[in-house]
Amino acid sequence: MSAKSHHAIDNEVHFKTYKRYPVTLVKGEGSRVWDTENKSYIDALAGIAVNNVGHCHPAVVEAIQLQAAQLIHTSNFFTTPQQVKLAEKLVGLSNHDRVFFCNSGTEAIEGALKLAKRYANKMGKKGDIISFNGAFHGRTLGALAMGQPKYQQGFEPMLPGFTQIPFNDISAAEAVINDETVAVFLEPIQGEGGIHVANKEFINKLSALCYEYKVLLIFDEIQCGIGRTGKFFAYEHYGIVPDVVCMAKGLGGGFPIGAFIATEDVANVIEYGKHGTTFGGNPLACSAGLATIDAIFDEHMLRMAHENGQWLRERIRMEMPGEPGISEVRGMGLMTGVQLSFEGAGVALRMLEKGVIANVTATNVVRLVPALNISRDELDTVVDVMVESIAEERRVQAEKAVAEQS
């Protein structure tokens with residue numbers, strides 16, 4: 001079946017929810033994938049920051065294969081060794097005491113929302129949940145209420161009890177956080193919002209403000225966690241400990257799994273029967289998670305993410321004097337945003353044609369979130385292809401603008 005046939009059938013039978021790239025992928029290994037025509041691509045998107053250890057990492061593949069032949073699902077009426085081990089590992093790596101497993105990032109956010117509401121009810125609080133402009137916390141209704149207006153359109157009215165304020169603005173936080181505030185949800189690095197990094201002073205003051213008013217501080221590390229920033233948890237860069245941390249994406253090495261962790265006093269407000277899941281934390285997902293974490297540490301991927309991320313951003317900045325289409329480069333670890341001076345959807349398509357997968361978010365930011373173990377040679381190719389694609393798209397848009405004016 002050709003790639004065209006796949007797309008034609010997909011267009012007939014799947015919900016029209018995705019603007020698909022005109023490629024059908026069939027194989028992946030490391031930082032490369034292949035399509036039905038056997039064309040190879042360097043994957044600088046990594047399944048949107050999911051394949052942190054690369055495609056089909058041998059240890060993750062082996063763990064899934066072995067577990068699939070033994071036990072796939074039991075329900076949470078029972079413990080399994082895999083879930084217990086993964087919970088113990090996440091508690092050991094964090095400053096937290098308890099873990100809840102689910103299946104995705106947005107489920108982790110919804111669970112954290114319920115946890116925040118339950119904690120607030122116990123405290124007698126009836127205020128709002130605070131989020132930040134540019135945030136993306138998922139696509140369920142609770143997550144949408146904390147997100148960007150463009151994702152809320154058509155799903156109004158939004159759930160009440162949410163307030164959104166400017167990112168990195170402590171004065172705005174001081175103006176709205178009080179004794180009645182339920183929780184503050186924050187991405188320490190906004191992914192979908194354009195790779196904006198929270199500065200340390202802001203985080204420290206926000207943490208102190210939340211402590212003063214007994215407000216839960218909840219970090220959404222779904223995209224920026226699991227080693228992507230050069231530390232296992234992004235909050236480690238800031239010298240503070242959030243009450244709750246949500247994670248997913250990179251946790252399973254490509255296999256779906258989500259989780260949130262919390263301190264003991266917060267976790268204890270969810271008593272028996274107040275929250276649950278059928279599939280969350282099943283043996284197969286937890287086996288993938290265990291293998292992924294082991295690979296990250298055994299193969300020194302935190303150091304690689306830190307060093308290669310710094311190298312990548314400097315490499316791009318070296319191109320900026322000669323390419324006016326690039327206005328800013330920002331990020332942390334292997335989470336990089338390249339701000340363009342024009343709308344950039346065409347850049348991602350040009351990169352794809354040249355054999356590099358990336359995407360453009362917030363209309364004009366090229367997002368690069370490759371595997372933590374991507375090679376320097378592959379990153380070098382990514383930059384060359386990106387800069388060439390930016391230059392081509394900028395020229396085409398400029399010529400089009402001149403033609404429209406004449």
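Which residue in β7 is the bridge partner of I129? In this predicted model, that partner is A183, and A183 is in turn bridged to L216 in β10.

**Strand β7 and its neighbours**
- Strand β5, residues 129-132, pairs with β7 in the parallel sense over 2 bridges, while β7 is joined by 4 bridges to strand β10, residues 216-220, which also runs parallel to β7.
- In a regular strand, side chains alternate between the two faces of the sheet.
- Both faces of β7, residues 183-186, are covered, with A183 and F185 buried on one side and V184 and L186 buried on the other.

**Helix α11**
- Helix α11 comprises 16 residues, 283-298, and spans 22 Å from its first C-alpha to its last, close to the 22 Å expected at 1.5 Å a residue.
- The helix is mostly covered, with 13 of its 16 residues buried.

**Second largest pocket**
- The second largest pocket holds about 770 Å³ of space, and of the 26 residues that line it, those closest to its centre are V99, F100, F101, I270 and H275.
- The elements giving two or more residues to this lining are α4 (81-93), β4 (98-102) and β12 (258-262), and β4 gives the most, with 4 residues.
- By class, the lining consists of 14 nonpolar, 9 polar and 3 charged residues.

Key:
Residues numbered from 1 in each chain as written. Predicted model: local features only at pLDDT ≥ 70, side-chain atom pairs only at ≥ 80, totals over all residues. Heavy atoms only, no water. 1 Å grid on protein atoms, 1.4 Å probe; cavity = no way out; pocket = protein on both sides within 12 Å on 5 of 7 lines; lining within 4 Å. Points joined across faces, edges and corners; volume = space filled by probe spheres on them. Nonpolar A, V, L, I, M, F, W, Y, C, P; charged D, E, K, R; others polar. Expected span 1.5 Å × (residues − 1). Buried < 20%, exposed > 50% of the residue type's maximum accessible area, 1.4 Å probe, protein only. Pairing = 2+ DSSP bridges.
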